[in-house]
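Me: I have a structure open here and want to go through some side chains. Can you take a look with me?

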Amino acid sequence: MSAYEENESKFLRKAKENPFVPVGMAGFFAIVGYKLMRMKHRGDTKMSVHLIHMRVAAQGFVVGAMTVGVLYSMYREYIVKPREEQKAAQQK
């Protein structure tokens with residue numbers, strides 16, 4: 001197996017474990033791309049202020065996606081998993 005295939009399968013495995021990581025990455029790139037396209041129409045706003053707003057928006061999206069991912073993982077670990085274990089114990 002080549003290094004490329006190992007990296008690709010590793011990324012897919014990580015994406016299945018934490019589905020909000022690819023969502024955060026996609027949102028980050030979408031926000032940065034949108035803000036870069038809108039840079040022509042920034043008006044009187046300084047370049048540095050526009051870039052700071054872009055960075056804050058992109059980081060905010062990533063932090064939000066990470067937070068939702070952690071909450072989802074906690075839900076699976078502490079609510080869904082005990083229910084499944086309880087159902088398995090009742091069936092025995």
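Reply: Start with phenylalanine 20: its relative accessibility is 26%, so it counts as partly exposed. Keep in mind that this is a predicted model.

Me: ok. how many aromatic pairs are there?

Reply: The count comes to two aromatic pairs. In one of them, the rings of phenylalanine 20 and tyrosine 72 have centres 5.9 Å apart and planes at 70°, so the pair is edge-to-face.

Me: and which helices do those two lie in?

Reply: Phenylalanine 20 lies in helix H2 and tyrosine 72 in helix H3, so the pair ties together parts that are 52 residues apart in sequence. Tyrosine 72 is partly exposed, at 35% relative accessible area.

Me: what about phenylalanine 28 and phenylalanine 29?

Reply: They form an aromatic pair that is edge-to-face, with 5.3 Å from centre to centre and 80° between the planes. Phenylalanine 28 is partly exposed at 31%, whereas phenylalanine 29 is exposed at 54%.

Me: switching to H3. where does it bend?

Reply: The bend is at arginine 76, by about 30°. The end C-alpha atoms of H3 are 64 Å apart, which agrees with the 66 Å that its 45 residues should span.

Me: which residues of H3 are buried, and what do they pack against?

Reply: The buried ones are His50, Met54, Ala58, Ala65 and Gly69. They pack against helix H2.

Me: how far apart are glutamate 77 and lysine 81 in the helix?

Reply: They are four residues apart in H3, so about one helical turn separates them. Glutamate 77 is partly exposed at 39%, and lysine 81 is partly exposed at 38%.

Notes: Residues numbered from 1 in each chain as written. Heavy atoms only, no water. Buried < 20%, exposed > 50% of the residue type's maximum accessible area, 1.4 Å probe, protein only. Expected span 1.5 Å × (residues − 1). Bend = angle between axes of the 7 residues up to and from the residue. Contact = heavy atoms within 4.5 Å. Phe/Tyr/Trp six-rings, centres within 6.5 Å; stacked < 30°, edge-to-face > 60°.
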